[in-house]
Amino acid sequence: MKYLDEYRDPKAAQLLLDEIRRITSRCWTLMEVCGGQTHGLLRHGIAAELEGTIELIHGPGCPVCVTDQAAIDFACQLSQREDVVLTSFGDMLRVPGSRGSLLDAQTAGAKIRIVYSPSDAVELARKHPEEQFVFFAVGFETTAPATALAVKQARRDQLENFSMIVSHVRVQPAMEALVRAPDNRVQAFLAAGHVCAVMGYQSYESFVKRYQVPVVVTGFEPLDLLEGILACVRQLEANEAKLENHYTRTVSPTGNLAAQDLVQEIYQVCDGAWRGFGIVPEGGLELRPEWQAYDARMRFTEPALPVIDTDECRSFEVMTGHIKPPECPHFGKRCTPELPLGAPMVSSEGACAAYYRYGVRTS
Amino acid sequence: MCLGIPGKVVRWLEREGAFAQAEVEFGGVRRIVHMACVTEAELGDYVVVHAGIAISRVDPMEAERIFEMLSEWGEDEGWHSDLSEDSEASP
Amino acid sequence: MQNNDKNIFASWQMNCPVFIPENAECITLAHGEGGRLSRKLIQERIVHSLNNEYLIALNDAAQLPRIEGPLALTTDSFVVSPLFFPGGDIGSLAVFGTVNDLAVSGALPLWLTLSLIIEEGFPLTLLELILESIARAARKTRVKIVAGDTKVVPHGAADGLFINTAGVGELLTPIPSGAETLQENDELIVSGPIGQHGIAILAVREELGLEPLPLSDCGSLMRPVERLRDELKDQVRCLRDATRGGVAAVLHEWAEASQLTLSIDERSIPVSPEVRGVCELLGLDPLHMANEGTMVIAVKQGAGVAAVSVLQSLSETANARLIGTVKPRGIAPVTVCRTLGPEQQLDDPMGSPLPRIC
């Protein structure tokens, strides 16, 4: 497949790996923000190849992992209503809430449909006016344009049976929280490529200036990841802190303005509840007042059941890089993809699941 | 986060506006994709698609950049991003 | 239950090959109660379609001829939804699935039983189509459906139609020695492009809006198995059709039986452009997707090239490939070499693969 296969060329990758090793004078600590990048680094063997040369910390860039537990609980609760069909991305189905996951709810008889695109949920609502369709809108800024469009479609078609549980989160505020933490070890960031494709990356200028830490916009394929790591290392070796874009075939400085307009039309920034993090100021998105008719929390007003947080999952420490998944005492024992204690073991982008799946069992 | 895959625009259904749509090809299958954010894409262009919506157009010149850099290192193995369509992964 | 039923969870109705009008004749509970309607259903539809001397006799048990050698016996149930999918339907799946189980166990498939559990309201036209499909598949594989049963259950108690089969075959020597006999340096082969059935079902059931709809590989493996037996004889250790859980599941099973490591190279594995495209788009791994006409084969060291050559000479296995080898037990039971990097563990599949956005 074009624009995929050529970025997986092993010989080219080897050259980049060699160059990284050649110029690295000490073991720098880098964080890739995005779960898709974690997945790529592990699946394609890059993290293994760089073991001992570069330390890669896997950041909180997995929206499935950081989706607020209360939102999952609410989704489960609504799904159990007779008159509701809950629609969701596949990733969310196994994430544990206070009383089980959406998959558990489905097993118990809840009507839940997986969709690839939020617009598919709108289409279902159009075809089945007798049911209420609720879409579980999770994801970073990358996904917000898709869910924003879904709401617009619902209004265009005057649908009264479509609403969303909005649980979008914004990346940059979380990075700020990370880099300001007193025990932060991250020396450079690989910024989330597809978030930047939508939002652009100019907003990172002030971030780089203030915190004096390199930020490199990076893609997802092996060559992209290696190029991003190489750029970070070059800066660190030269004692520089700059903002660079190494995913230029997809990302421009200002991003996709049409996508941003679409998002801004429907959403406004709010404080975000991040699972494991608590409240991240300005870390979320919510529907603007004029679109709140499509807010499932407004439409279904039954009281939410209390959130039960077992505190066993050490997702925060994993996502902020303080421990690697195999260092968690539950990893591979009480916590596995079949019986996860928390979200990072469930999501295919979660650091714990990625480690488990690609066989990294020891730290 | 953000599984975004490049696909080729093969047919426009609705060119303008918030509900623009095109048929996009990924490997051997095609799907209707929402194009509100990339209405400037032409037939044959590649767009990155996430959750059913195109979020960016792939710039073919920029796509070459890394291969140019690798060539400069003197190790040109004939890489380029202009793979022929027949090189789709096939048995 | 009509074609235009708006119950979005009646996924068995998706991809229906014919339009079912409002007043179409349907299965009722009475059809399953053993009386006149039952007999009518069996004689006029089932026996008529499947048409062989055993069924026509309508005995309580089929009286079968003696077989000299040892027998193989298998059973399977088919609950696929939707019932009709590109490349097959629950009927052809039931026949090929059972026949393949016998074939990969070293047997020549002979006789099948066919038990139908039908949901009240199921259109008779669809039942006929499925029976015809079963008949076609039986003729193709030269098996006879010799006994059967029909039950009707109330609305909602079955997903349209469930099928259970049993299959009997005659074991032919040499019988594959089995996964317990795998040795270091044995070679691993896959008989064709992988993941087709799983992707075909997913595309229809989840209404992914893909064009063209990917085709299932639902089909018989009898001929390739027979040719391998004839040409390679006792050099074949084991064969298995890679159904639920895909190639990964088979490899894990064999690794457990042999206590060795099965190591494959991702780059050698044939994947069709359609399956590749869908898997990339949805974030799925073809190694975990089901197959219904594609098998994994292990042969003795050195026999791999010959085995692949035999398979490639047949149209149904023209894309067979060598994909790996058996090694001493190492870091994991099953490992895969990806595009880059050292070999890494291949997950044992857990549950059905879900499309993802992350």
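Visitor: How many cavities of 30 Å³ or more does the count come to?
Guide: This is a predicted model, where local features need pLDDT of at least 70, side-chain atom pairs count only at pLDDT 80 or more, and totals for chains, interfaces and linings use all residues. A cavity here is a set of points, on a 1 Å grid over the protein atoms alone, where a 1.4 Å probe fits but cannot get out. With that rule, the count comes to five.

Visitor: Which residues are closest to the centre of the largest cavity?
Guide: That cavity has a volume of about 100 Å³, taken as the space filled by probe spheres set on the points. Its lining, meaning residues with an atom within 4 Å of a point, has 15 members, and the closest to the centre are A:C313, A:R314, A:C328, A:C335 and A:C352.

Visitor: What area do chain B and chain A bury between them?
Guide: Buried area is the accessible area (1.4 Å probe) that two parts lose on being put together, summed over both. Of the area here, 66% is on carbon and sulfur atoms. The total is about 4,000 Å².

Visitor: Which residue of chain A forms a salt bridge with B:R65?
Guide: A salt bridge needs a side-chain nitrogen of Lys or Arg within 4 Å of a carboxyl oxygen of Asp or Glu. Two turn up across this interface. For B:R65, the closest N and O atoms are 3.1 Å apart, and the partner is A:E227. Residues are numbered from 1 along each chain as its sequence is written, by the way, so to finish on the name: A:E227.

Methods
Chains are lettered from A and ligands numbered from 1 in the order in which they are written. Side-chain values use heavy atoms; hydrogens and water are left out. On a 1 Å grid over the protein atoms alone, a cavity is a set of points where a 1.4 Å probe fits but cannot get out, and a pocket is an open set with protein on both sides within 12 Å along at least five of seven lines; lining residues have an atom within 4 Å of a point.
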